[in-house]
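Keep the structure open while you read.

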Amino acid sequence: MNIAIIGSGYVGLVTGVCLAEIGHKVVCADVDEKKISKLKRGQIPIYEPGLEELLEKNLKNKRLSFTTSIKEATKKSTAIFIAVGTPSKKNGDADLTYVENVAQQVAAYMDDYKLVIEKSTVPAETGKRVARTIRMNLPPKYRKSNKKVLEFDVASNPEFLREGSAVEDFMNPDRVVVGVESKKAEEILREIYKPLKPHMVVTNIDSAELIKHASNSFLATKISFINSLSQVCDRLGADVLKVAEGMGLDKRIGRAFLNAGIGYGGSCFPKDVDAFVRISEKAGYPFDLLKEVRRINEEQKASFVKLVEDKLWIVKGKVVGVLGLAFKPDTDDMRSAPAIDIIEALQREGAKVKAYDPVAMANAGKILKKVTFCRDAYATAKGCDCLLVLTEWEEFYKLNLKKIRSAMRQPVLFDGRNVFHDKNLAALGFEYYGVGRGTIEK
Ligand code: UDX
């Protein structure tokens, strides 16, 4: 099928490349000329395992192309995915300016049947607004007063891609959710995803939009639950890893997203929880549970900082080494990374911060000031008064801890992701603090 993706950011790009990979003819559009010319040369602007190879392959076999022209993308395609950004406004609402703008432009170039599909995470009822915007911006000959009729449909098809495993998630989805209002729209979406043989959940547009918000909010709730539990574990001398294992083996609960740590970050959870709180509020229901989820997430970072401050005693002038900056492993994304708040809080107290991240240092350098970036974990540990593990990158599990220990000035290790939970750190001469391991005397 001929498919257009408008917006070649994270979601748009992964979707476009993967749809080409499963056999469709895809054109991806974006207003950013630099980005498009890079993509045309087969270079991706983000770090995402496996994506660049698929991009190159599908550029070569000509199933994938890039353009800055929405007109070209619209004219060529039957299905048009809107995958532009929906940033948070100050009050937590999603800012839908870009979505409206794309809907207006697509409408203006429509000359035969199109299915316009929202891929961006949008509040319920956006589908109706997109349909109305399209109707009002169709070429003049198709407007209501004139006789000619142009058929189109709007659908919702939320994404559930995790950064770092987005290609894998796209190719092996747990489910594909489609919100449609016509049989034709449903058939087109079934056709698009047929090669993946997915479990399809077909519903109306409002429900599809809610599924996305509900899923992310629920996952964020799971994380805040386990993080609260980690606080109790620390106080009672229990081990959150064993508690999570014991809970997670119950199929009704599941072990996933029960990793206690320093709180969730990224481009989705913080923004989506905010947006869902606002959506519910506007609908007349104060979703207080989610407000608490958000508060616990902030508190988890603050309590980690407090622990470091307590144990260091005097923070001013101390050298703090940080391993891992990205909001999670396998990405260079620093958006809402807990590392930002934690580092800035310690800097405010006068700490000197050295840091290393396998891929996120370039992005971190745009946000964090006065941090000395190091070439690896050992260089970071050198001369440090303590070391903080803030992202659980695979390479950290394999570190030579003896070497780390001897490089440090004071061997204090704060493991914000419980990376070293199974190592005997005391025997190696470390003073070690994990999260929720019951080892912190209060
Ligand atoms: C998320 C959703 O998982 C995905 O379905 C959605 O479409 C986009 O948002 P992503 O933001 O890429 O994906 O990351 P995810 O793997 O969900 O992790 C989000 C944050 O939660 C990270 O900061 C991670 O470190 C944290 N997390 C995750 C925990 O602290 N504990 C866990 O057990 C799991």
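Searching the whole structure turns up 1 cavity of 30 Å³ or more. A cavity here is a set of points on a 1 Å grid over the protein atoms alone where a 1.4 Å probe fits but cannot get out, and lining residues have an atom within 4 Å of a point. This is a predicted model, where local features need pLDDT of at least 70 and side-chain atom pairs count only at 80 or more, while totals for chains, interfaces and linings use all residues. Residues are numbered from 1 along each chain, and side-chain values use heavy atoms, without hydrogens and water.

**The cavity**
- The largest cavity has a volume of about 30 Å³, counted as the space filled by probe spheres set on the points, which are joined across faces, edges and corners.
- Its lining includes Glu118, Ser156, Pro158 and Lys212.
- Helix H9 (residues 205-236) gives the most to that lining, with 3 residues; helices are DSSP runs (H or I, at least four residues) numbered from the N terminus.

**H9 meets H11**
- The axes of H9 and helix H11 (residues 269-282) come within 9 Å and cross at roughly 115 degrees; axes are lines fitted to C-alpha atoms over the stretch in contact, with angles from 0 to 180 degrees between N-to-C directions.
- Leu210, Leu219 and Ile223 are among the H9 residues that meet H11, where Phe269 and Phe276 are among the partners (contact means heavy atoms within 4.5 Å).

**The second largest pocket**
- About 380 Å³ of space lies in this pocket, an open set with protein on both sides within 12 Å along at least five of seven lines.
- H11 provides the largest share of its lining, 6 residues.
- Domain 1 (2-203) and domain 2 (240-433) both give residues to the lining, so the pocket lies between them; the domain bounds come from an automatic or database assignment.

How values were computed: Helix = DSSP H or I, 4+ residues; strand = E, 2+ residues; numbered from the N terminus.
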